[in-house]
Amino acid sequence: MAEVISNGRAASGKPTAREHLPATDPLLPAVTLTEPTLGGLRSRDCGAAANGVLSASLAGDYRAALRRHVDVGGEAGLQQAYELGRRACCEGHGVLDLARLHQESCASLPSIAAHSHAHDARASDAFLLEALSPFEATHRGFRRAHGELQQSRTHFQLLLSESREMEETLRQLSKRILDAQEQERAHFSRELHDEVGQALNAISINLGALSRLSECNTAPAKAKIDDTIELVARTVETVHRFARELRPAMLDELGLEAALRACVRGFAERTGITVEFHGKLPGKLLAADQRTVIYRVAQESLNNVAKHASATHVDVILWREGGQAILEIRDNGRGFTRSPRRVEPDRQRLGLLGMEERVRLVNGKFNIESRPGAGTIVRVEIPLRPPSTRTPEAGGNLPVEDSLPTTLQKQPIPL
Amino acid sequence: MRSTGDIVTARQRGRMLALELGFTGGDVTVIAAAISEVARNIVEHAVAGEIIFAETQAPGRTGLVVIAHDEGPGMLDAERIAEYGRGSREGLAVGLPGVRLLMDDFEIESTIGCGTTVTMTKWLR
């Protein structure tokens with residue numbers, strides 16, 4: 001199909017350069033400019049062209065054709081001029097190469113060199129014009145391509161800024177969703193703790209009073225009341241645990257370490273998995289939103305360990321490294337090979353995505369490292385903010401603890 | 001159009017009409033170059049073809065129209081081949097993409113087995 005526009009060389013049956021080119025995308029017209037076309041390859045293969053030196057054959061043909069044209073004149077000479085210009089263009093020569101060739105050829109023609117024949121000079125000028133016309137086409141092509149490049153550049157810049165705006169909007173949106181979620185959890189947590197918890201306490205007290213009444217002083221009634229007191233006590237425990245998990249009051253009142261300790265303790269009691277908490281980060285270094293992120297990641301990671309890892313031991317480590325707060329949750333479970341985001345069901349994926357999103361919103365990094373049989377490490381790095389940008393919160397901090405076991409001292413950098 | 005000699009004749013006719021219509025300087029050269037390209041296509045790829053030159057009138061302007069027709073093999077996707085930066089195997093802007101850039105209007109129609117017709121116009125400035 002492309003033969004028609006070529007000059008017959010392609011008919012050799014050899015694969016042409018074009019057939020080796022990748023399919024071009026119609027949306028990116030400028031790209032094809034940089035791809036090696038046959039013309040480009042030829043000029044590269046031919047060292048002479050690269051140096052701007054014209055091949056002896058082209059120079060000889062040009063001189064001979066010019067001489068003939070000056071002598072005979074006519075359209076045939078001009079057609080030859082066009083063909084020679086085309087050849088020079090396809091061989092990768094520049095306009096100046098051709099102009100110099102023309103100049104040298106003229107110098108070799110005595111009548112032109114001596115300015116003796118006005119006719120000869122005119123013929124020679126006409127010859128040059130024809131020879132230059134293929135360069136004119138090329139020049140116009142480059143100009144147009146340049147215009148298109150500029151246009152697509154503007155277009156891509158616009159797309160880029162639009163996508164940045166959209167990203168920022170999404171970021172704001174997920175921040176608002178997560179903030180609202182935290183607020184709602186805190187609200188439910190308080191309600192559970194204050195209303196339900198208090199009501200249960202009252203019930204418990206009433207039951208105690210009931211058991212001391214003489215009317216109830218029979219063995220079966222007493223046993224029933226004691227059972228109920230026991231049940232209420234267990235329910236109080238459950239309500240407190242739910243309240244704590246929803247939004248530990250400690251996180252806001254006693255700080256991150258206390259909340260994490262409570263979370264870890266609760267987890268160990270519930271699952272029977274041994275958990276060690278090593279905290280070595282002054283809580284006051286973190287802003288409220290950062291503390292929430294760390295707490296939620298630890299909580300979610302521990303839940304994942306319980307659900308998937310078949311682990312017997314977990315370390316939760318929090319420390320400071322340079323300008324960053326680092327949290328790691330390491331388990332000795334079975335680990336996994338592929339990214340759990342691809343193989344796990346949606347709910348699990350959502351959990352991981354949620355953690356990632358929270359970490360991203362405080363400009364942190366989230367990473368999971370795992371190998372089959374070698375356990376899993378969830379690692380979060382959160383850049384500490386300068387004190388001025390932190391929201392001050394009363395009573396949010398615990399004194400620095402110095403309880404890291406020596407085996408762990410290597411990773412966390414002591415303060 | 002059968003031989004290289006006919007290319008010269010075609011250029012000559014085109015040039016004469018161009019000068020007659022009042023084209024000057026670079027435009028005449030550009031028209032001759034475009035004729036060279038379509039003519040060499042016919043000579044190289046089709047057994048025979050013809051090139052027709054005519055004056056064309058549009059409201060407020062005069063142009064030279066060149067119609068190059070052949071009954072050669074034709075090509076698939078001729079529009080694309082004649083587009084700058086696409087079809088040209090020789091790179092740069094020679095061949096049909098070059099013609100398109102040199103002339104003001106350019107149309108190509110081609111059917112496999114039936115041949116190709118290029119219609120191109122240069123308007124007087």
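Predicted model: local features only at pLDDT ≥ 70, side-chain atom pairs only at ≥ 80, totals over all residues.

Me: What makes up the secondary structure of chain A, and how much of the chain counts as buried?

Reply: Chain A comes to 15 helices and five strands. Of its 415 residues, 39% count as buried. Among contacts in chain A between residues at least 6 apart in sequence, 73% join residues at least 24 apart.

Me: Which residues of H5(A) and H7(A) meet?

Reply: From H5(A) come A:Leu58, A:Ala59, A:Tyr62, A:Arg63 and A:Leu66, which meet A:Leu98, A:Leu101, A:His102, A:Ser105 and A:Cys106 in H7(A). By class, the residues of this contact are seven nonpolar, two polar and one charged.

Me: Why is A:Ala76 called partly exposed?

Reply: A:Ala76 belongs to helix H6 of chain A, residues 75–90. Its relative accessible area is 42%. Buried would require under 20%, and exposed would require over 50%. The value for A:Ala76 lies in between, so the residue is partly exposed. The C-alpha atoms of A:Ala76 and A:Ala65 are separated by 9.7 Å, and these residues are eleven apart along the chain.

Me: How do you know that the length of H2(B) is close to what is expected?

Reply: Helix H2 of chain B, residues 25–45, has 21 residues. At 1.5 Å a residue the expected span is 30 Å, and H2(B) reaches 31 Å from its first C-alpha to its last. The helix is also mostly covered, as 17 of its 21 residues are buried.

Me: Why are H2(B) and H4(B) called roughly antiparallel?

Reply: H2(B) packs with helix H4 of chain B, residues 95–102, at an angle of about 150 degrees, and their axes are 9 Å apart. Angles over 145 degrees count as roughly antiparallel, and the two helices are therefore described in that way. H2(B) passes H4(B) in a left-handed crossing. In this contact B:Val30, B:Ala33, B:Ala34, B:Glu37, B:Val38 and B:Asn41 of H2(B) meet B:Gly95, B:Leu96, B:Val99 and B:Leu102 of H4(B). The classes here are seven nonpolar, two polar and one charged.

Me: What makes B:Met120 a buried residue?

Reply: B:Met120 is found in strand S4 of chain B. Its relative accessible area is 0%, and buried means under 20%, so B:Met120 is buried. Among the residues that B:Met120 touches are B:Ala34, B:Val38, B:Val99 and B:Phe106. B:Asp105 is touched as well; B:Met120 and B:Asp105 are 15 residues apart in sequence and 5.3 Å apart in space, C-alpha to C-alpha.

Me: How do you know whether B:Thr121 is buried or exposed?

Reply: B:Thr121 lies in strand S4, residues 115–123 of chain B. Its relative accessible area is 9%. The limit for buried is under 20%, and B:Thr121 is therefore buried. Its contacts include B:Thr56, B:Gly63, B:Leu64 and B:Asp104.

Technical notes: Residues numbered from 1 in each chain as written. Chains lettered and ligands numbered in written order. Heavy atoms only, no water. Contact = heavy atoms within 4.5 Å. Helix = DSSP H or I, 4+ residues; strand = E, 2+ residues; numbered from the N terminus. Nonpolar A, V, L, I, M, F, W, Y, C, P; charged D, E, K, R; others polar. Expected span 1.5 Å × (residues − 1). Buried < 20%, exposed > 50% of the residue type's maximum accessible area, 1.4 Å probe, protein only. Axes fitted to C-alpha atoms, helices over the stretch in contact; angles between N-to-C directions. Parallel < 35°, antiparallel > 145°, perpendicular 65-115°, else oblique. Left-handed = near helix turned anticlockwise from the far one by under 90°. Lists of a residue's contacts leave out its neighbours within four places in sequence.
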